Amino acid sequence: MSTSASHDRLLVIDFGSQVTQLIARRLRELRVYCEIHPYQKVTDAFLAAFAPKAVVLSGGPASVLDRGAPMPPPSLFALGVPVLGICYGQQVMMHLLGGTVERGDGTAEFGRAYVTPADGPLDLLEGWFEDGREQVWMSHGDHVARLAPGFGVYATSPNAPFAVVADPARRFYGVQFHPEVHHTPRGARLYENFVRLAGFTGDWTMGAFRDEAIAKIRAQVGPEGRVICGLSGGVDSSVAAVLIHEAIGDRLTCVFVDHGLMRQGEAAEVVGMFREHYNIPLIHAEEGPRFVAALRGVTDPEEKRKTIGRLFVEVFEAHARAAGGAQFLAQGTLYPDVIESVSASGGPSVTIKSHHNVGGLPEKMGLKLVEPLRELFKDEVRALGRALGLPASFVGRHPFPGPGLAIRIPGEVTAERLELLRRADAVFIDQIRRHGLYDAIWQAFVVLLPVRSVGVMGDGRSYDHVCALRAVTSVDGMTADVYPFSHDFLSETATRIINEVRGINRVTWDITSKPPGTIEWE
Ligand code: XMP
């Protein structure tokens with residue numbers, strides 16, 4: 001459990017909804033400190049120790065009518081704190097508090113719906129219904145059939161007569177729809193009302209987080225402890241490093257393993273920022289040729305990841321040992337990585353890609369982990385980076401995968417292909433910046449395809465490489481939409497790449513969302 005005990009805390013009990021993380025996002029936007037925990041873990045003792053100021057029950061795929069359906073401990077409703085049940089969470093409330101839920105045979109409702117007011121005004125719905133009705137996003141099979149004692153109905157829809165139910169005296173609220181998704185446009189207002197009526201003051205700010213995090217790092221590392229940190233060039237490890245440096249100064253050593261698979265100018269930018277702005281002890285391990293040699297003949301994406309991961313650990317370990325005597329390893333682990341999610345299928349999820357990190361190092365080297373960003377989402381890390389004074393251009397950079405450009409070159413990775421890709425990628429990113437699109441895009445990059453095509457340039461024939469442009473919008477990288485470039489932008493970019501990058505004579509545009517595609521091609 002987190003140690004952010006000085007903040008008012010909200011507990012989200014997860015019953016396996018696909019969108020539980022979005023609940024936490026909406027709450028964090030309101031500067032409310034919350035944690036998501038799977039229902040199996042939330043026992044009476046857990047509740048007593050966590051001492052939430054309010055509780056949200058997530059949606060989920062189960063039916064309360066099933067044997068062994070997921071339930072919170074009944075003591076939850078004796079805590080005297082506000083509870084908001086969403087979809088399955090609403091049904092759980094009705095079921096446990098004396099109402100009834102029925103199977104939704106034939107009456108399942110998915111997608112957009114409109115709710116209108118019922119019994120009267122409700123604090124939870126303040127600011128709603130100014131236009132008479134509100135759009136909400138429904139996704140449910142079962143439905144409430146009879147209210148629990150003390151509850152009234154405050155909004156209905158044609159297919160959901162109990163769209164919003166509440167017992168305002170006890171501050172128990174249940175909604176049949178998902179207020180956390182964008183398709184419920186005034187959902188954020190509902191959460192705002194909920195946290196206000198629960199008495200939250202919005203004290204979860206980056207300034208407060210930063211001071212607490214520094215105190216925690218000092219307490220964990222002690223007055224003599226030394227930390228090493230692997231810098232990847234990404235925002236997460238950079239922010240972790242700067243934060244730890246503020247806490248323990250020169251007892252932090254960073255190792256930047258330059259695997260030669262970085263974007264144009266990236267290694268220099270990272271090293272420059274750390275050397276010039278922060279004066280953090282930094283080992284710049286220039287190991288490009290070694291990685292490229294190890295990748296010779298490797299074409300399978302997972303084999304590439306494993307090769308890079310193995311070598312990365314070797315190189316990192318050698319330099320870290322040379323730096324001498326660290327007891328701690330810092331990592332930029334984020335909250336989405338540590339949430340113990342409830343799998344809808346009940347089983348382990350399929351591995352699509354084995355993401356590379358410094359896995360294996362802590363045990364192998366006998367190191368303890370320092371993970372100061374474990375409680376944060378990506379955009380919060382960016383806000384923290386700004387609070388720590390990292391340059392805006394650095395903080396706002398698009399995410400970049402650990403194995404770097406190697407997974408943007410389907411087929412074999414060679415020094416020549418890397419150079420071609422780097423140059424095409426730089427043109428694409430320059431175009432995006434010139435057109436003011438950079439911040440509207442989650443990730444944009446070029447993929448160098450393993451095909452050649454015939455072209456005509458001037459009076460001559462060319463037989464050169466083909467590349468694909470990829471740009472997506474996303475909230476967390478789990479799903480993604482294609483960024484809708486204009487035709488003018490695309491043709492200008494294609495022309496520039498072909499004119500400026502000798503060796504590429506054809507440019508294509510990848511218009512696949514995720515799913516069914518993934519963001520990277522490998
Ligand atoms: P995919 O391609 O799985 O990518 O849709 C989702 C996000 O993860 C990044 N990514 C990786 N990051 N090591 C990483 O550190 C990897 O092996 C890796 N593969 C994908 C990808 O860039 C996107 O942000």
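The side chains of Glu 371 and Arg 374 form a salt bridge, with 2.7 Å from N to O. A salt bridge here is a side-chain nitrogen of Lys or Arg within 4 Å of a carboxyl oxygen of Asp or Glu. Glu 371 is buried at 17% relative accessibility, and Arg 374 is partly exposed at 37%. Buried means under 20% relative accessible area, exposed over 50%, and partly exposed in between (1.4 Å probe, protein chains only). The model is predicted: local features need pLDDT of at least 70, side-chain atom pairs count only at pLDDT 80 or more, and totals for chains, interfaces and linings use all residues. Residues are numbered from 1 along each chain as its sequence is written, and side-chain values use heavy atoms, with hydrogens and water left out.

The structure holds 29 salt bridges. One of them joins Glu 29 and Arg 25 at 3.7 Å, N to O. These two residues are four apart in helix 1 (residues 20-29), so about one helical turn separates them. Helices (H or I, at least four residues) and strands (E, at least two) are DSSP runs, numbered from the N terminus. Glu 29 is partly exposed, with a relative accessible area of 45%. Arg 25 is buried, at 9%. Another salt bridge joins Arg 189 and Glu 126 at 3.9 Å, N to O. This pair links distant parts of the chain, 63 residues apart. Arg 189 lies in helix 4 (residues 187-197), and Glu 126 in the loop between strand 6 (109-117) and strand 7 (134-140). Arg 189 is partly exposed at 28% relative accessible area. Glu 126 is also partly exposed, at 39%.

Five strands form an open sheet with parallel pairing, in the order 14-13-12-15-16. Strands pair if DSSP finds at least two bridges between them. Strand 14 (282-286) and strand 16 (368-370) stand at the edges; each has a single partner strand, so one side of each lacks a neighbour in the sheet. From one strand to the next, the twist averages 25 degrees. Strand 15 (residues 328-330) pairs with strand 16 in the parallel sense over three bridges. Phe 328 stands opposite Lys 368 in strand 16.

Helix 9 (residues 301-323) lies across strand 12, strand 13, strand 14 and strand 15, at about 145 degrees to strand 13. Contact means heavy atoms within 4.5 Å. Axes are lines fitted to C-alpha atoms, for helices over the stretch in contact, and angles run from 0 to 180 degrees between N-to-C directions.

Strand 3 (residues 54-57) is covered on both faces. Ala 54 and Val 56 are buried on one side, Val 55 and Leu 57 on the other. In a regular strand, side chains alternate between the two faces of the sheet. Strand 1 (residues 9-14) pairs with strand 3 in the parallel sense over four bridges. Leu 10 has Ala 54 as its bridge partner in strand 3. Strand 3 also pairs with strand 4 (residues 83-86), in the parallel sense over three bridges. There, Val 56 has Leu 84 as its bridge partner.
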